[in-house]
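Please inspect the model before reading the solutions.

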Amino acid sequence: MKDTLKILLVDDEKIVGDRLKPALAKEGYSVEALMDPQKALRRIDENEFDIIVTDIMMEDVDGIQILEAAMKKSYRTRVIVITGYANVNLAREAMDKGAFDIIEK
């Protein structure tokens, strides 16, 4: 039996977790959704996730900081950055720091 992928969703908009978590869980993934990016940093420190999907624009801690923490913890983690405020400079910074992909909301 193959291992279940562990996915962490980080977005300060509740609707994102409410929509994505059940859809991914239905596909058989182990999914944790957090609205608090500080808590997400602690979870990244405690656990190794296969995939992290993070919003870029959040209070206190932004998606770049989530990305950096994930890359520091494990180079194998794939981080997908989602944003409603996509721009070329932000995309370049995220990709330069190891983002797997950037998706506009």
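The model is predicted: local features need pLDDT of at least 70, side-chain atom pairs count only at pLDDT 80 or more, and totals for chains, interfaces and linings use all residues. Residues are numbered from 1 along each chain as its sequence is written, and side-chain values use heavy atoms, with hydrogens and water left out.

**Exercise 1.** Determine the strand order of the sheet and identify its edge strands.

*Solution.* 
Step 1. Strands (E, at least two residues) and helices (H or I, at least four) are DSSP runs, numbered from the N terminus; two strands pair if DSSP finds at least two bridges between them.
Step 2. The 5 strands give an open sheet with parallel pairing, in the order β2-β1-β3-β4-β5.
Step 3. β2 (30-34) and β5 (101-104) pair on one side only and are the edge strands.
Step 4. From one strand to the next, the twist averages 15°.
Step 5. Between β4 and β5 there are 4 bridges in the parallel sense; Ile82 has Ile103 of β5 as its bridge partner.

**Exercise 2.** Identify the residues with the most contacts to other members of the largest nonpolar core, and the elements that supply this core.

*Solution.* 
Step 1. A nonpolar core is a set of buried Ala, Val, Leu, Ile, Met, Phe, Trp, Tyr and Cys residues joined through side-chain atoms within 4.5 Å. Buried means under 20% relative accessible area, exposed over 50%, and partly exposed in between (1.4 Å probe, protein chains only).
Step 2. The largest core has 19 residues, of which Leu8, Val10, Ile52 and Ile66 touch the most other members.
Step 3. At least two residues each come from β1 (6-10), α2 (37-46), α3 (63-73), β4 (78-83) and α4 (88-96), and α3 gives the most, with 4 residues.
Step 4. Another core, of 8 residues, lies apart from this one and includes Val16 and Ile80.

Methods. Axes are lines fitted to C-alpha atoms, for helices over the stretch in contact, and angles run from 0 to 180 degrees between N-to-C directions.
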